[in-house]
Amino acid sequence: MATPNGLARIETHGTTKKHENGVCHDDSATPVRAQTIDELHSLQRKRSAPTTPIKDGAGSAFAAALSEEERHRQQLQSISASLASLTRETGPKVVKGDPARKGEAAAKGAPATPQKHHQHHHPAAPTIAVSDSSLKFTHVLYNLSPAELYEQAIKYEKGSFITSTGALATLSGAKTGRSPRDKRVVKDEAAAQELWWGKGSPNIEMDEHTFLTNRERAVDYLNSLDKVFVNDQFLNWDPENRIKVRIISARAYHSLFMHNMCIRPTDEELESFGTPDFTIYNAGQFPCNRYTHYMTSSTSVDINLARREMVILGTQYAGEMKKGLFGVMHYLMPKRGILSLHSGCNMGKDGDVALFFGLSGTGKTTLSTDHNRLLIGDDEHCWSDNGVSNIEGGCYAKCIDLSQEKEPDIWNAIKFGTVLENVVFDEHTREVDYTDKSVTENTRAAYPIEFIPNAKIPCVGPHPKNVILLACDAYGVLPPVSKLNLAQTMYHFISGYTAIVAGTEDGIKEPTATFSACFGAAFIMLHPTKYAAMLAEKMQNYGATGWLVNTGWSGGRYGVGKRIRLPYTRKIIDAIHSGELLDAKYKKTEVFGLEIPNEINGVPSEILDPINTWTDKAAYKETLLRLAGLFKKNFEVFASYKIGNDSSLTDEILAAGPNF
């Protein structure tokens with residue numbers, strides 16, 4: 001089938017699957033089926049950084065004590081160690097800088113490579129024959145600026161273009177979303193005890209030997225290249241608990257993506273960066289061996305928590321790096337007593353912080369983006385004894401059907417420095433058509449958080465006052481707002497409920513319940529009950545209140561009732577922020593036992609209790625019991641979990657669920 005402009009239209013395997021094996025995958029996407037890379041590139045075109053420093057004096061005196069040459073040598077040593085293969089024991093000689101520029105310098109009579117760049121120590125002689133790659137030079141392009149990365153992408157990566165607003169448009173290849181079925185975690189002795197395994201868990205096991213096989217394949221591929229990109233950056237804006245990460249990749253697009261998504265160090269912080277806490281080897285252009293044990297395709301995304309390493313093979317989708325690191329933080333932070341959260345976060349002028357949880361389509365982005373409040377972050381956070389902190393240094397926004405009227409902040413953030421993934425643009429004007437799904441529905445923009453006008457820099461805040469759980473209930477039986485006790489907050493946090501509307505061939509549309517533990521089951525590492533227990537403890541210690549807000553239907557299920565008006569939902573959120581709802585009078589609903597307010601300023605009182613809005617009361621009760629049954633069925637996988645030898649916490653959480 002051809003498009004109106006004569007280009008072949010790409011085929012897909014139908015719609016994106018949002019829910020597989022009980023786990024919600026918010027950015028999984030069907031691989032494109034272009035027959036050639038040129039066909040994929042043809043779909044892309046239609047015819048017609050500022051830094052974010054963290055004040056941390058540690059290391060500054062150390063940095064000053066080192067000579068420039070010694071700092072340079074230590075940096076190269078550290079990168080060389082990262083690029084050394086385990087069995088080969090050595091990697092190639094590492095030198096900084098673009099080989100093309102060095103070639104230009106040599107042609108003009110300048111020395112190609114200063115001799116001091118070669119002065120670094122190699123490990124002892126290997127016991128196994130050394131690969132040819134150890135005899136060559138790999139040029140390291142280290143923490144390049146966005147402008148330099150633009151140049152690299154446009155010069156050397158087909159499919160890279162500058163759009164009319166200055167963003168870098170690029171393609172992720174055949175994979176346009178994450179590959180959750182190809183994600184693996186090494187199940188060593190410690191991981192077997194600590195991590196969540198089995199039904200409902202996103203963690204699929206692999207052994208150490210297979211990880212090292214894939215690691216060597218990735219490292220050898222990177223070592224075979226003339227140049228690699230290295231980003232040394234931070235995760236977590238809390239300076240006491242930040243993590244040093246190193247990302248080694250083959251594409252300028254990936255380097256710019258991570259430059260935007262992680263926290264950007266100052267030059268002084270880079271000088272004393274030292275050994276990273278976690279390293280990503282992104283060899284996504286190169287496939288894994290499908291016949292290797294535990295592999296199910298040519299794609300493999302592997303995490304080894306003991307080695308603090310991640311290997312990517314067979315996918316160039318940049319979101320694998322972002323979400324892989326988020327999974328790692330879900331493991332590392334709880335070990336420090338810090339709760340990692342898949343949430344939005346904003347702060348009022350009086351310092352009141354709110355957390356927003358919600359699956360796709362619940363309004364999390366819309367409701368957490370409030371021009372009267374400061375944005376701490378849109379997706380990943382930590383809650384420690386110091387307060388809340390954003391894990392990331394940027395935002396990764398969906399772009400499908402993006403408009404300036406509906407989402408002006410995201411629209412205006414798409415400028416020079418922003419990465420646009422898999423969008424379609426006019427070949428002549430370079431104007432992006434955000435409605436075009438020719439490559440994928442999962443089009444994305446990655447930009448530094450400073451591009452949002454009301455972002456709070458640094459991205460930290462005091463302890464939250466409110467924890468808001470969002471659900472788009474297409475069954476129409478949940479109240480617009482409910483105040484939750486701690487046990488109910490844990491129950492609904494673990495459930496992670498929303499209801500999407502699935503279409504059928506004859507046009508009849510029925511709601512489909514979706515559950516994602518902790519509102520991010522695809523990324524958590526530990527059992528959901530552990531995160532829920534930590535959340536309840538934090539809320540109790542710091543006086544936070546839990547709320548369940550339904551942004552879905554009222555007066556009947558989808559097709560019968562109507563969606564709750566956004567102005568009413570905004571009034572509800574405002575009443576939560578102001579503290580108005582803490583002083584309201586409440587009554588309890590049947591089945592779910594939810595506390596609902598009698599009145600809220602600016603919201604019709606009759607809609608606050610959903611039974612009032614249903615004409616057919618019998619149908620309401622039938623639908624309510626149906627949804628309660630879905631909740632119970634979903635919770636069966638969590639019902640037998642014990643923390644230690646005690647099941648009292650699980651029993652308390654279960655009692656907070658629906659009773660009928």
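In this predicted model, helix α8 (residues 252–261) packs against helix α10 (residues 319–335) at an angle of about 40 degrees, and their axes lie 10 Å apart. That angle makes α8 oblique to α10. The briefing below takes helix packing, then strands and sheets, and then individual residues.

**Helix packing**

- The contact between α8 and α10 is made by H254, F257, M258 and M261 on the α8 side, which meet G319, M321, K322 and L325 on the α10 side.
- The two helices α8 and α10 cross in the right-handed sense.
- A second pair consists of helix α13 (residues 486–495) and helix α17 (residues 648–655), whose axes are 8 Å apart and which pack at an angle of about 85 degrees.
- Helices α13 and α17 are therefore roughly perpendicular to each other, since angles of 65 to 115 degrees are classed in that way.
- From α13, the residues A487, M490, Y491 and I494 meet L649, E652 and I653 of α17.

- Strand β14 covers residues 309–313, and because five of its five residues are buried, the strand is largely enclosed by the rest of the structure.
- In a regular strand, side chains alternate between the two faces of the sheet.
- In β14, E309, V311 and L313 point one way, whereas M310 and I312 point the other way, and all are buried.
- Strand β12 (residues 278–283) pairs with β14 in the parallel sense, over five bridges.
- Strand β13 (residues 300–304) is also joined to β14 by five bridges, but these two strands run antiparallel.
- V311 of β14 has Y281 standing opposite, and D302 likewise stands opposite V311.
- Strands β13 and β14 form a hairpin with four residues between them, and R308 in the turn has a positive phi of about 55 degrees.

**The five-stranded sheet**

- An open sheet contains five strands in the order β6-β7-β22-β25-β21, and the pairing within the sheet is mixed.
- The edge strands of this sheet are β6 (161–162) and β21 (394–398), each of which pairs on one side only.
- Within the sheet, strand β7 (residues 168–170) and strand β22 (residues 419–421) pair in the parallel sense over three bridges.
- The bridge partner of A169 in β22 is L420.

**Backbone features in loops**

- N422 is not a glycine, yet N422 has a positive phi of about 60 degrees.
- N422 lies in the loop between β22 and β23 (424–426), and its relative accessible area of 1% means that N422 is buried.
- F519 also has a positive phi, of about 55 degrees, although F519 is not a glycine.
- F519 is found in the loop between β30 (510–515) and α14 (528–542); with a relative accessible area of 2%, F519 is buried.
- The peptide bond from I457 to P458 is cis, with omega near -5 degrees.
- P458 is located in the loop between β25 (444–448) and β26 (460–461).

- D609 is found in the loop between β35 (595–597) and α16 (617–635).
- D609 counts as buried because its relative accessibility is 12%, and the cut-off for buried is under 20%.
- Leaving aside residues up to four places away in sequence, D609 touches K587 and I596.
- T210 has its place in helix α7 (residues 208–224).
- T210 has a relative accessible area of 2% and is therefore buried.
- The contacts of T210, again not counting residues up to four places away in sequence, are with T292, H293, Y294 and M295.

**Cysteines**

- The count of disulfides comes to zero, where a disulfide would require a pair of cysteine sulfur atoms within 2.5 Å.
- C382 counts as buried because its relative accessibility is 2%.
- C399 likewise counts as buried, because its relative accessibility is 0%.

Technical notes. Residues are numbered from 1 along each chain as its sequence is written. This is a predicted model: local features need pLDDT of at least 70, side-chain atom pairs count only at pLDDT 80 or more; totals for chains, interfaces and linings use all residues. Side-chain values use heavy atoms; hydrogens and water are left out. Two strands pair if DSSP finds at least two bridges between them. Buried means under 20% relative accessible area, exposed over 50%, partly exposed in between (1.4 Å probe, protein chains only). Axes are lines fitted to C-alpha atoms, for helices over the stretch in contact, and angles run from 0 to 180 degrees between N-to-C directions. Angles under 35 degrees count as roughly parallel, over 145 as roughly antiparallel, 65 to 115 as roughly perpendicular and the rest as oblique. A crossing is left-handed if the near helix is turned anticlockwise from the far one by less than a right angle, and right-handed if clockwise. Contact means heavy atoms within 4.5 Å.
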